[in-house]
Amino acid sequence: MIETSIQDPSAEIQNDAGAFATMDQMYRFQRYFYDVTRKYYLLGRDRLIDEMEIYAGDRVLEIGCGTGRNLILLGRKRPEAKLYGLDASSEMLVTAKEKIAKSGQQIELRTALADNFAFNSTFGLEEPFDAVFFSYSISMIATWRESIENALKNLKPGGTLYIVDFYDQKDLPRWFQKVLQSWLRKFHVQFWHDLIPHFQFLATVGLGSFSLGPLYRRYSFIASFKKL
């Protein structure tokens, strides 16, 4: 006999509410100095923005957009693109909206979880995104598999999912690895060792093509997955 269980929808709502509250608590004060401190160790963000293939009219979503720093920079480089951002922290989006208003750009923001958004119901779009990217956010998402699945579901065929984030630091001194990884865990950040094999599996079963580029002696990486 196969056992089945019925999930209580209210449990999912409670879990989502808890995730939103946790992110708001974490970034309620960090949002004021986040960009000043992160520029020293979130390496590879600007390189990703330079390398993403974005064309006129493309709809581009950043998952975990934080203060909007990356979207503003991308908007300056690709003013013909249509930019969107989501984050679990409404506190961070307060800062993002302020920065975007000062930049004079039009960028749509939503409070949402990476594993629970949709291009139509969340953003009111009629078609999926042309490109989606995670910039130092996938390492903070415990439900990273579900989040990747959802990102691909909201990506059009032929579109590309990009990631820049911490790697395994295997080519760096052992003491540096231990210090960095211990420090990152204090902020609930870690490199998911199954992440790269997961993308390789998705490519193997024919869902798309995957490429990986280590940066700075494997301190971080840039990856892309082109959906078929």
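These legends describe close-up views of a predicted model.

**View 1. The second largest pocket.** This pocket has a volume of about 200 Å³. It is lined by 13 residues, and Gln169, Gln181, Gln190, Phe191 and His193 are the closest to its centre. Helix α7 (residues 174–185) gives the most to the lining, with 4 residues. By class, the lining has 5 nonpolar, 5 polar and 3 charged residues.

**View 2. A nonpolar patch on the surface.** Phe201, Val205 and Leu207 form this patch. Together they have about 280 Å² of accessible area. Leu207 sits in the loop between α8 (195–204) and β6 (208–215). Its relative accessible area is 43%, so Leu207 counts as partly exposed.

**View 3. The salt bridge between Lys77 and Asp50.** The structure holds 9 salt bridges. In this one, the side chains of Lys77 and Asp50 meet at 3.2 Å, N to O. Lys77 belongs to helix α4 (residues 69–77) and Asp50 to helix α3 (residues 45–51), 27 residues apart. Lys77 is partly exposed at 37% relative accessible area. Asp50 is partly exposed too, at 44%.

**View 4. The salt bridge between Asp130 and Arg59.** The closest N and O atoms of this pair are 3.5 Å apart. Asp130 lies in strand β4 (residues 129–135), Arg59 in strand β1 (residues 59–63), and 71 residues separate them. Both Asp130 and Arg59 are buried. A network of salt bridges links Arg59, Glu127, Asp130 and Lys156.

**View 5. The salt bridge between Arg218 and Asp168.** Here the closest N and O atoms are 2.7 Å apart. Arg218 is in the loop between β6 and β7 (220–227), and Asp168 is in the loop between β5 (155–166) and α7, so the pair ties together parts 50 residues apart in sequence. Asp168 is buried, at 7% relative accessibility.

Methods: Residues are numbered from 1 along each chain as its sequence is written. This is a predicted model: local features need pLDDT of at least 70, side-chain atom pairs count only at pLDDT 80 or more; totals for chains, interfaces and linings use all residues. Side-chain values use heavy atoms; hydrogens and water are left out. On a 1 Å grid over the protein atoms alone, a cavity is a set of points where a 1.4 Å probe fits but cannot get out, and a pocket is an open set with protein on both sides within 12 Å along at least five of seven lines; lining residues have an atom within 4 Å of a point. Grid points are joined across faces, edges and corners, and a volume is the space filled by probe spheres set on the points. Helices (H or I, at least four residues) and strands (E, at least two) are DSSP runs, numbered from the N terminus. Ala, Val, Leu, Ile, Met, Phe, Trp, Tyr, Cys and Pro count as nonpolar, Asp, Glu, Lys and Arg as charged, and the others, Gly among them, as polar. Patches are made of residues with over 30% relative accessible area and no salt bridge: like charges are joined within 9 Å, nonpolar side chains (Val, Leu, Ile, Met, Phe, Trp, Tyr) within 5 Å. Accessible areas come from the Shrake-Rupley method with a 1.4 Å probe; for residues, only the protein chains shown count as cover. A salt bridge is a side-chain nitrogen of Lys or Arg within 4 Å of a carboxyl oxygen of Asp or Glu. Buried means under 20% relative accessible area, exposed over 50%, partly exposed in between (1.4 Å probe, protein chains only).
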